[in-house]
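Me: I'm new to reading protein structures and would like a close look at a single part. Could you walk me through it in a friendly way?

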Amino acid sequence: MASVTASSVSFAFLSAPTKQSQGLARGLVSLPVKAKSFGPLKLRNAPLRFRVSCAAKPETVEKVCEIVKKQLALPPTTEVSGESKFAALGADSLDTVEIVMGLEEEFGISVEEESAQTIATVQDAADLIEKLCEKKE
Amino acid sequence: MRMQCLDTKFFTSSTSLAPIQLPSRMETHLWYVIPNEVKSEQLLNKYLEFLPKSEKEHVFSLRGDELQKGALLARALVRTTIARYQINQVSPRSLKFRKNIHGKPEVDWQQIEDWHPQQLHFNISHTKSLVACGVSTHNPIGIDIEEKERKIKHSISSFAKRYFSQQEVQLLCSISDPEIQRQEFIKLWTLKEAYVKALGRGFSGSPFQTLTIRSVADSKESFHLSESSSFENSDIVVESLEDSANLTGDWQFALLELVGSHYAAICLRKDCANKCSHPMKMSVWRTIPLVEDEYVSGTDSVIAVGGLM
């Protein structure tokens with residue numbers, strides 16, 4: 001692969017969108033808060049984020065990230081988070097199946113095919129895992 | 001309007017988009033691009049110009065240059081190829097795609113005025129090192145390619161038990177050499193994926209497990225699958241536990257080795273008039289869109305493994 005390096009294929013001069021993440025992660029809701037009734041205070045424009053119930057614990061998300069990185073042989077420095085889409089990381093159908101199998105082993109759960117089909121992001125996987133773990137108890 | 005407002009750069013170059021003949025009814029065409037052969041930034045940017053905003057955004061949403069290049073080549077390949085079949089009545093840029101109810105991509109011809117093309121079906125598959133597009137007329141097609149050397153991290157038998165039919169599991173588990181077992185697994189996986197994609201119903205809508213795909217030796221009475229000859233020089237047949245006319249006997253498979261590095265499976269729905277099993281007639285080209293084509297059927301780049309003429 002030496003003949004094709006990242007530097008020889010660059011789309012830098014094209015107008016590529018700079019935002020890495022597309023929109024909000026599932027389970028997070030953004031509410032702009034404008035404090036109109038406050039006098040001299042500066043308006044607060046930063047969105048507040050509320051976690052909708054049933055989002056997974058950070059540790060679960062972390063574990064899923066690890067498993068995904070391992071399956072896709074991503075360099076350890078790769079940024080993988082809840083929002084990361086499997087497909088965007090380069091997972092094909094076989095990878096996705098292996099990832100699901102890896103998650104089953106790690107968490108001692110069994111994922112049905114219909115549910116597995118709905119997993120598109122790390123967050124999806126983590127949420128499903130916690131749901132299935134809860135059922136076990 | 002439209003065609004008049006030329007992409008002038010694009011039409012004036014004589015090598016840009018040579019028209020090609022559509023495949024006949026029971027024939028398939030397979031086009032592939034080797035990403036390593038496409039190095040010119042200028043060329044890649046030309047490809048990018050073919051893509052509408054949404055496809056461009058998708059390409060750039062992928063992580064890393066390699067993935068982005070692969071996705072770009074896949075879109076460029078499908079757009080230029082389909083445009084060429086229309087004898088340049090449409091430009092790659094003006095093609096519109098949509099998804100059927102189950103999410104399978106297809107061409108949206110309604111968007112193009114005054115053009116009523118023959119029924120053209122296509123399907124794309126790609127790996128890190130190869131991008132392929134299969135084309136047929138009148139009959140849905142599905143293709144899947146995998147690197148021959150792809151390593152499976154989990155045990156083949158656990159995979160097989162989960163996704164394959166009982167007979168297939170038995171067959172795979174009976175192979176003692178792990179390397180041969182892995183290869184046979186990959187071949188079977190690509191065949192099943194090609195079937196799922198031809199069906200266009202998505203993974204869960206397809207009877208992965210109740211469908212057995214196997215090769216048939218020349219003698220019709222019984223078939224004998226030895227470790228080394230599972231899918232070589234023999235027909236590939238499909239059996240369904242459900243015995244549904246919709247599934248069995250309606251699909252034709254071919255398996256081949258591409259450029260020594262990939263297995264490629266093609267699944268084509270059989271013509272209603274043509275129920276008996278014929279090997280699939282296929283033409284294969286290596287291509288660099290806008291630059292060159294090379295017909296490679298019959299060369300070392302294409303080695304039939306099963307189901308092909």
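With which strand does β6(B) pair, and in which sense?

Reply: Happy to! One thing to keep in mind from the start is that this is a predicted model.

Strand β6 of chain B covers residues 141-147. β6(B) pairs with strand β10, residues 262-269 of chain B, in the antiparallel sense, and the pairing runs over 7 bridges. To find one of these bridges in the picture, look for B:I145, whose bridge partner in β10(B) is B:A264. Buried here means under 20% relative accessible area. By that rule 6 of the 7 residues of β6(B) are buried, so the strand is largely enclosed by the rest of the structure.

B:V259 sits in the loop between β9 (251-258) and β10 of chain B. Most residues other than glycine have a negative phi. B:V259, however, has a positive phi, near 40 degrees. B:V259 is partly exposed, because its relative accessible area is 28%. B:L290 also has a positive phi, of about 80 degrees, although it is not a glycine. You will find B:L290 in the loop between β11 and β12 (292-295) of chain B, and with 12% relative accessibility it counts as buried.

In soluble globular proteins, nonpolar side chains tend to be buried together. The largest nonpolar core here has 38 residues, and B:V38, B:Y47, B:I82 and B:F122 touch the most other members. Several elements of chain B supply at least two residues each, including β1 (27-33), α4 (65-85), β4 (120-126) and β11. The largest share, 10 residues, comes from α4(B).

Next, the rings. Over all chains there are 13 aromatic pairs. B:F97 and B:F122 form one of them: their ring centres are 5.6 Å apart and their planes stand at 80 degrees, so the pair is edge-to-face. B:F97 belongs to strand β2 (residues 97-99) and B:F122 to strand β4 of chain B, so the pair ties together parts that are 25 residues apart in sequence. B:F122 is buried, at 5% relative accessible area.

Another pair, B:F164 with B:F185, is tilted, with 5.6 Å centre to centre and 40 degrees between the planes. B:F164 is in the loop between α5 (156-163) and α6 (166-173), while B:F185 is in helix α7 (residues 178-199) of chain B, so this pair ties together parts 21 residues apart in sequence. B:F164 counts as buried at 2% relative accessibility, and B:F185 is buried at 0%. Both rings also belong to one aromatic cluster with B:F159, B:Y163 and B:W189.

Finally, let's visit a charged residue. B:R286 is found in strand β11 (residues 281-288) of chain B. Its relative accessible area is 12%, so B:R286 is buried. The side chain of B:R286 makes a polar contact of 2.6 Å with the side chain of B:E37. Beyond its neighbours within four places in sequence, the contacts of B:R286 include B:Y32, B:I34, B:D293 and B:V296.

Notes
Residues are numbered from 1 along each chain as its sequence is written. Chains are lettered from A and ligands numbered from 1 in the order in which they are written. This is a predicted model: local features need pLDDT of at least 70, side-chain atom pairs count only at pLDDT 80 or more; totals for chains, interfaces and linings use all residues. Side-chain values use heavy atoms; hydrogens and water are left out. Helices (H or I, at least four residues) and strands (E, at least two) are DSSP runs, numbered from the N terminus. Buried means under 20% relative accessible area, exposed over 50%, partly exposed in between (1.4 Å probe, protein chains only). A polar contact is a pair of N or O atoms within 3.5 Å; within protein, one must be able to donate a hydrogen and the other to accept it, and residues adjacent in sequence count only if both atoms are side-chain atoms. Contact means heavy atoms within 4.5 Å. Two strands pair if DSSP finds at least two bridges between them. A nonpolar core is a set of buried Ala, Val, Leu, Ile, Met, Phe, Trp, Tyr and Cys residues joined through side-chain atoms within 4.5 Å. Rings of Phe, Tyr and Trp (its six-membered ring) pair if their centres lie within 6.5 Å; planes under 30 degrees apart count as stacked, over 60 as edge-to-face and the rest as tilted.
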